[in-house]
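Q: Could you walk me through how to read a few features of this model?

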Amino acid sequence: MKNISVLLVGGYGVVGQQVAQILNQYCPDLELIIAGRSISKAKELSQTLQNSQALAFDIEKPALPEDLKIDIVLALVNDPQDKLLDFAHQNHIAYVDITRWTERLQTALSKAVIMRNKKPGSMIFSSSWMASIVATLINDISKSFSSIDSIDMSVLYALNDKAGPNSVDYMDRLTVPFTVKQNGRYQKILPFSDEKTVLFSDNSQHKVFRIDMPEQFILPLIMNVKTVATRIGFDEPKSNQLLAFLVRKGIWKLCSTRLRRKILYNPGKGHQHQIRTDIRGVDEKGNSKYLYLQINAPKGQTHLTSLGAAALVMQLAEHIQNNMPDILKTGEMFLDAEKLKVLLKSEGINFSINSEEL
C-alpha cells in the first residue's frame with residue numbers, strides 16, 4: 001500500500017501540535033512533515049514524534065526540496081493570498097484548509113472550481129466550526145428528517161480555554177453585516193444582534209449573539225434548510241455585555257486591531273468547549289420533529305479542532321490509498337460521520353442527540 005506523506009503547515013502551533021500527535025497515534029504509518037517559518041520549533045516537535053521530520057517553510061513563498069514528495073498539505077495557518085492553495089494545486093498535492101471565514105471560503109471555492117477545470121486536483125475546504133465536526137454531525141442528523149425548517153447553532157466560548165492567535169480573526173468582522181438564509185430568503189444581518197439565552201450541556205445558561213460562520217453559507221446549500229443561525233457567547237457574562245455594548249454602539253469599529261486582540265485574545269490553560277444545535281423540521285410522516293445536539297469537549301476547542309483536522313487527513317489518506325478520484329468538497333460533505341464519531345468517542349468528546357423540548 002502507498003505510503004502517504006502529510007505536510008502540516010503551521011504544524012508546531014497550538015492546534016498543529018495536537019493534530020500531529022493524533023495522527024501519530026492513530027495512523028503511525030503516515031509520514032508527517034512539521035513545517036513552518038521556525039525550523040527550531042518544527043524540529044522540537046518532530047523529535048517527539050515517530051515517522052516525522054521538520055521543514056522550514058514560508059507560506060508566502062512556498063517551496064519544497066526536490067527529493068521530498070508530499071501527498072497531502074494541511075493548512076493550519078491562514079492562507080490569505082491562496083499561495084499555498086496555488087502551490088499545492090500546481091504540484092498535484094491534495095489540499096486541506098480549516099482556516100477560512102465565510103467570505104474567503106466563498107472566494108476560494110469559486111477559484112477552486114476554475115482551477116479544477118484547467119487541471120485536476122483534490123481540495124477540501126473545512127472552515128466550519130471545529131474543522132467541520134459540528135456541521136458533519138448536523139448533516140448526519142438531518143438524514144432522519146424529511147425536510148428541515150431551521151438550524152440554530154450556539155457556541156459557548158470559554159475565556160480560560162487554550163487558543164491560537166488565529167482563533168480571534170473573527171473580531172475584525174464584528175462590524176460587517178453578513179448574509180444568511182432566513183425563512184427561505186437570503187438577507188443581511190448585523191453581528192451581535194438577535195441575542196438569545198441557551199442552556200448548554202453542563203446545565204449553565206448563557207446569552208449568545210449572531211456571528212458570521214461558514215455554516216450559514218454551507219448548510220442551506222447542502223441540506224436545503226429554510227433558516228440557519230449561528231451564535232456565539234462567552235462563559236463570562238460581563239465579557240458578553242462589554243463586547244455587545246462595544247459592537248452595537250460602534251465603538252468596536254474605532255478600535256485598532258491591536259486593541260481588539262488585547263480585549264479578546266487572553267488564552268488560558270484550557271477549559272471545556274460546548275456547542276448546542278437545535279434542529280426543527282418534519283419527519284417522513286409529515287409530523288413536526290425537533291432534535292438538539294449537545295457537544296462537550298473537556299479538553300477545549302483546540303483539541304476538538306485538532307480532531308476535526310486529523311479526521312480529514314486520515315480519511316483523505318485512505319481515499320488516496322484506495323486510488324479514488326480527485327475531489328472538491330467541503331469538510332462536512334467529505335467526512336464519514338460514523339468514522340468521525342468513533343474518533344470523537346475514543347478522545348473523550350461527549351455528544352448526544354435529544355428530542356425533549358426544553
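**Reading strands and helices**

A: Buried means under 20% relative accessible area, with exposed over 50% and partly exposed in between (1.4 Å probe, protein chains only). Keep in mind that this is a predicted model, where local features need pLDDT of at least 70, side-chain atom pairs count only at pLDDT 80 or more, and totals for chains, interfaces and linings use all residues. Residues are numbered from 1 along each chain as its sequence is written, and side-chain values use heavy atoms, leaving out hydrogens and water.

Q: Which strand is joined to β2 by five bridges?

A: Strands pair if DSSP finds at least two bridges between them. Here β1 (residues 5-9) and β2 run parallel, joined by five bridges. V9 has A35 in β2 as its bridge partner.

Q: How do α5 and α6 pack?

A: Two packed helices are described by the angle between their axes and the distance between the axes. For α5 (residues 133-141) and α6 (residues 215-223), the angle is about 25° and the axes are 11 Å apart. That makes α5 roughly parallel to α6 (angles under 35 degrees count as roughly parallel). On the α5 side, A135, I138 and N139 meet E215, L219, I222 and M223 of α6, where contact means heavy atoms within 4.5 Å.

Q: Is Q315 buried or exposed?

A: Q315 sits in helix α10 (residues 301-321) and counts as buried, at 11% relative accessibility. Leaving aside neighbours within four places in sequence, Q315 contacts F334, L335, D336, K339 and L340.

Notes. Axes are lines fitted to C-alpha atoms, for helices over the stretch in contact, and angles run from 0 to 180 degrees between N-to-C directions. Helices (H or I, at least four residues) and strands (E, at least two) are DSSP runs, numbered from the N terminus. Angles under 35 degrees count as roughly parallel, over 145 as roughly antiparallel, 65 to 115 as roughly perpendicular and the rest as oblique.
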